[in-house]
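Please keep the structure open while you read.

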Amino acid sequence: MINGFSRKWIGWIEWCVKEAQFSLLVNGDATNLIKHTKGIRQGDPLSPFLFLLVVEVFSMLLNEAVEDNKIGGFQVLDGGTVIYHLQFADNTIIMINATREEVRRLLVILLMFEVLTGLKLNLEKISMTSI
C-alpha cells in the first residue's frame with residue numbers, strides 16, 4: 001500500500017497513463033495503434049477520476065488551514081456549519097475572510113498544492129470577489 005492505494009491499483013493507473021495505445025476510426029476504418037507521449041489528455045474518460053484524487057490533496061490542505069485557524073470561511077448561522085470551499089467538476093469556490101493575511105495564506109496553500117501534485121495553476125483564470 002502506498003498512501004492508501006494498493007500497488008496493483010497504482011500499476012493500473014500507471015499503465016493507463018504511460019503504456020496505453022489507441023487507434024482512431026477514419027471513415028469507419030481503424031488506424032494503426034498510436035502510442036501517446038504526453039500523458040492523459042483533456043476528455044480522457046480517466047481524467048475526472050484522477051482529478052478528484054488530486055483535488056482531494058487541496059481539500060486536505062484547506063481542512064488543515066481551517067483547523068489551525070489560518071483561514072476562515074462562511075458561517076451560515078451562529079454556531080452553524082462553516083463552509084470554506086465548494087467543488088464541482090473542475091471548478092472550486094473558496095470562501096475566506098477578506099483580509100490580506102488570509103489571501104496570503106491561501107496563496108501559500110495554492111503553491112503547496114502545486115509542489116505536492118506537480119500541477120501548474122493558471123493564476124490568470126482565478127478571480128476574486130469580496131462580499
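This is a predicted model: local features need pLDDT of at least 70, side-chain atom pairs count only at pLDDT 80 or more; totals for chains, interfaces and linings use all residues.

Let's begin with helix α3, residues 100-117. Which residues of α3 are buried? They are Glu102, Leu106, Ile109, Leu110, Phe113 and Glu114. Because these residues cover an arc of only 145 degrees around the axis, they sit on the same side of α3. That buried set packs against α2 (47-67) and β8 (91-94). On the face turned away from the buried side you will find the exposed residues Arg100 and Val115. After α3 comes Gly118, with a positive phi near 80 degrees.

Now for one of the partners, α2. This helix has 21 residues and reaches 30 Å from its first C-alpha to its last, close to the 30 Å expected at 1.5 Å a residue. Its buried residues are Leu50, Val55, Phe58, Ser59, Leu61, Leu62 and Ala65. Their cover includes α1 (7-19), β7 (85-88), β8 and α3. Asn69, which follows α2, also has a positive phi, near 55 degrees.

| Salt bridge | N to O distance |
|---|---|
| Glu101 and Arg104 | 3.6 Å |
| Glu101 and Arg105 | 3.5 Å |
| Glu114 and Lys120 | 3.9 Å |

Why are Glu101 and Arg104 about one helical turn apart? They are three residues apart in helix α3, which means a separation of about one turn. Glu101 and Arg105 are four residues apart in α3, so about one helical turn separates them as well. An α-helix has 3.6 residues a turn, so residues three or four places apart point the same way. Glu101 counts as partly exposed because its relative accessibility is 39%, and Arg105 is partly exposed at 29%. In the remaining pair, Glu114 is buried, with a relative accessible area of 16%, whereas Lys120 counts as exposed at 71%. Through shared partners, salt bridges join Glu101, Arg104 and Arg105 into one network.

Finally, the surface. Phe22, Leu24, Val26 and Ile34 make a nonpolar patch of about 310 Å². Leu24 lies in the loop between β1 (21-22) and β2 (25-26), and its relative accessibility of 44% makes Leu24 partly exposed.

Key: Residues are numbered from 1 along each chain as its sequence is written. Side-chain values use heavy atoms; hydrogens and water are left out. Patches are made of residues with over 30% relative accessible area and no salt bridge: like charges are joined within 9 Å, nonpolar side chains (Val, Leu, Ile, Met, Phe, Trp, Tyr) within 5 Å. Accessible areas come from the Shrake-Rupley method with a 1.4 Å probe; for residues, only the protein chains shown count as cover. A salt bridge is a side-chain nitrogen of Lys or Arg within 4 Å of a carboxyl oxygen of Asp or Glu. Helices (H or I, at least four residues) and strands (E, at least two) are DSSP runs, numbered from the N terminus. Buried means under 20% relative accessible area, exposed over 50%, partly exposed in between (1.4 Å probe, protein chains only). The expected span of a helix is 1.5 Å times one less than its number of residues. The arc is that of the directions from the helix axis to the C-beta atoms. Contact means heavy atoms within 4.5 Å.
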